[in-house]
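Please look through the sequence and the structure shown here, then read on.

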Amino acid sequence: MTDNEIISALKSGHREAALKELYKEFPKIKVNILSSGGDEEIARHLFHDSLILLIEKVNKPDFKLTAKLSTFLYGINRFLWKNELRKRHRSPELEWKDTLILTADEIGYNEEKEEKMQVLEKVLNQVTEKCKKIFELFYFKKESMTDIAKKLEFSSVNSAKTQKYKCMEKAIQLAKQSLPQT
Amino acid sequence: MYGESHTVSQTKFTTDMRSELETLEQIDQYLGGKMTAENAASFKAEIAADPKLQSLVKDQQLLIQTVNRQALMAEINSVAGLGAAGGAAGAAGWGIAQWAITALVVAVVGVGGYFIYDNYQSEDLPVDSSEEFLAENSVEEFASDTGDIISFAMEDGLDSELEEEVIDANVDHEVTDRSDGGNISVDKNIDRNDNVNTMVPFVTANDVNAVNNNEKDEKDLSQTPVHSVAKNRKATYPGGLLKMKEFFKKEMRYPRTPRDKGLAGTVKVNFLVTADGKIMELASNCFILKDAEGLKLSQFKYSSNGKSRRIFEDKAEAIFRKSSPWTPATNAEGNPTLSEQTWYVNFDLKGESSIYQLEEDVLHDDSKIMIERNQ
């Protein structure tokens with residue numbers, strides 16, 4: 001797959017082939033992380049995070065690819081690993097080949113936001129399965145409320161909408177409890 | 001469509017659930033880019049004017065992003081062959097377990113580094129010879145079993161290294177006194193005791209550096225064994241270490257707040273030198289504060305002087321930031337490459353402030369201990 005094919009796949013709902021292609025970069029990235037004090041688990045964890053940041057980045061309207069996609073992916077991983085090392089108060093030399101040095105802004109990474117989202121992840125595990133399903137179908141799969149009402153056997157579109165509203169209200173309320181500053 | 005944005009302006013003033021439901025839908029449309037440009041613009045103005053609506057939009061946006069990430073993570077995990085279930089939950093619980101593992105890894109790396117270093121330094125080590133340990137393949141096992149012994153081994157190593165320097169500088173007494181003091185004030189707890197001991201030689205090495213002239217510094221650094229597979233050239237300030245020291249002297253102004261308080265300190269500065277010589281990702285930690293007599297502040301006083309520490313850190317960072325561009329490091333093929341630098345800035349009240357570098361791995365380990373202790 002070419003970089004442009006991967007990017008348009010990442011923008012569409014059919015990401016599997018593109019993700020498989022990107023996953024081929026994992027062994028090389030892993031070697032870099034292992035050689036500076038990391039292990040397999042953290043390498044995979046960071047790599048998965050980097051894929052998500054890449055997908056989010058690619059889907060931004062102002063996204064323009066200025067380097068090879070794999071180079072960009074390396075850059076994100078290097079950033080995340082560096083960030084992790086900083087949290088551990090370690091700073092070994094990182095001599096990654098063929099990588100970009102990216103700043104948090106360039107990646108769209110914001111520590112405070114990431115922390116909030118970790119809390120929200122827990123919140124999403126606290127709402128009901130049905131709520132989760134509605135969220136996923138509506139926000140991720142971008143299905144219409146009419147389809148969702150049918151799929152989840154709501155009596156009407158309106159009752160599905162009301163349910164979605166209640167779910168959102170509940171989730172935000174839970175989030176407020178765990179995020180005192182907002 | 002115009003009517004819709006009108007409804008929104010009404011919802012601001014009512015807590016009626018029906019209109020809140022409409023607000024929610026509008027936020028969805030707005031965030032999903034499904035509003036006409038005109039409506040989006042007027043909604044945007046509305047958000048800007050209404051803090052409550054603003055925080056609602058933010059919350060909802062973040063929640064939607066989290067929903068999407070979870071779903072994406074499930075996709076990624078299934079591509080990775082990990083099964084969808086493992087993903088999100090694993091990610092959440094990962095942090096703490098990782099810390100434990102990390103601590104072990106860090107310990108092992110540090111110990112490994114030390115023994116290589118030690119091999120260079122002295123043949124007549126007072127503890128069981130390090131070669132014996134090196135012969136062992138599973139460093140990990142030994143690290144967890146005999147952690148205490150290792151710590152002491154390190155301490156001895158540092159002391160013996162120190163002695164040479166101390167004799168040169170004729171500050172033998174001062175050193176001994178201080179390290180005794182440290183031992184008395186800290187109780188039997190082996191771990192803590194340890195920290196104090198590893199710290200004292202460090203502080204002193206520091207003082208020694210301040211007492212010595214530049215030439216001596218130069219010599220020491222050039223003699224430092226480079227064990228980190230160094231076929232590549234490291235990044236340097238244009239003209240080398242002496243020029244960097246000159247640059248530092250020129251830029252150094254003792255910050256006023258700590259001067260007024262009679263505080264001195266040492267800051268560890270870490271940064272990257274890019275392949276085109278730019279300085280990036282500056283990070284620093286003022287890990288030692290000293291009083292006018294040069295005695296290290298107590299833990300309590302150290303903690304309560306956060307402002308001075310930050311001022312020292314800012315000053316140290318500013319000087320290195322200004323020293324850009326550098327001559328980049330080169331890799332094995334001789335091409336410029338990204339590299340990392342660690343420096344120490346010693347703020348001295350008597351006008352002998354200096355910068356220096358020390359043998360890296362041993363140092364990494366020490367400063368790590370100190371950072372953790374000081375927090």
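## Chain A overall

The model is a predicted one. Chain A contains ten helices and zero strands, so its pattern along the sequence reads α-α-α-α-α-α-α-α-α-α.

Chain A has 182 residues, and 51% of them count as buried. Its accessible surface comes to about 9,200 Å², and carbon and sulfur atoms account for 49% of that area. Where contacts in chain A join residues at least 6 apart in sequence, 60% of them are between residues at least 24 apart.

## The disulfide

How many disulfides are found over all chains? A search of the whole structure gives one. The bond runs between Cys131(A) and Cys167(A), with an S to S distance of 2.0 Å. The two cysteines lie 36 residues apart and link distant parts of the chain. Cys131(A) belongs to helix 8 (residues 129-140) of chain A, while Cys167(A) belongs to helix 10 (residues 157-178) of chain A.

The torsion about the S-S bond of Cys131(A) and Cys167(A) is about -80°, and the disulfide is therefore left-handed. Are these cysteines buried or exposed? Cys131(A) has a relative accessibility of 6% and counts as buried, because the cut-off for buried is under 20%. Cys167(A) is buried as well, with a relative accessible area of 1%.

## A buried cysteine in chain B

Chain B also has a cysteine to note. Cys286(B) has 0% relative accessibility, so it counts as buried.

## Strand 5 of chain B

Strand 5 of chain B spans residues 339-347 and is mostly covered, with nine of its nine residues buried. In a regular strand, side chains alternate between the two faces of the sheet. Both faces of strand 5 of chain B are covered. On one side the buried residues are Ser339(B), Gln341(B), Trp343(B), Val345(B) and Phe347(B); on the other they are Glu340(B), Thr342(B), Tyr344(B) and Asn346(B).

## Partners of strand 5

Which strands pair with strand 5 of chain B? One partner is strand 1 (residues 264-273) of chain B, paired in the antiparallel sense over nine bridges. Within this pairing, Trp343(B) is the bridge partner of Val269(B).

Another partner is strand 6 (residues 354-356) of chain B, which runs antiparallel to strand 5 and is joined to it by three bridges. Here Ile355(B) in strand 6 stands opposite Val345(B). Strands 5 and 6 of chain B form a hairpin with six residues between the strands, and in this hairpin Gly351(B) takes a positive phi near 80°.

Notes
Residues are numbered from 1 along each chain as its sequence is written. Chains are lettered from A and ligands numbered from 1 in the order in which they are written. This is a predicted model: local features need pLDDT of at least 70, side-chain atom pairs count only at pLDDT 80 or more; totals for chains, interfaces and linings use all residues. Side-chain values use heavy atoms; hydrogens and water are left out. Helices (H or I, at least four residues) and strands (E, at least two) are DSSP runs, numbered from the N terminus. Buried means under 20% relative accessible area, exposed over 50%, partly exposed in between (1.4 Å probe, protein chains only). Contact means heavy atoms within 4.5 Å. Accessible areas come from the Shrake-Rupley method with a 1.4 Å probe; for residues, only the protein chains shown count as cover. A disulfide is a pair of cysteine sulfur atoms within 2.5 Å. Two strands pair if DSSP finds at least two bridges between them.
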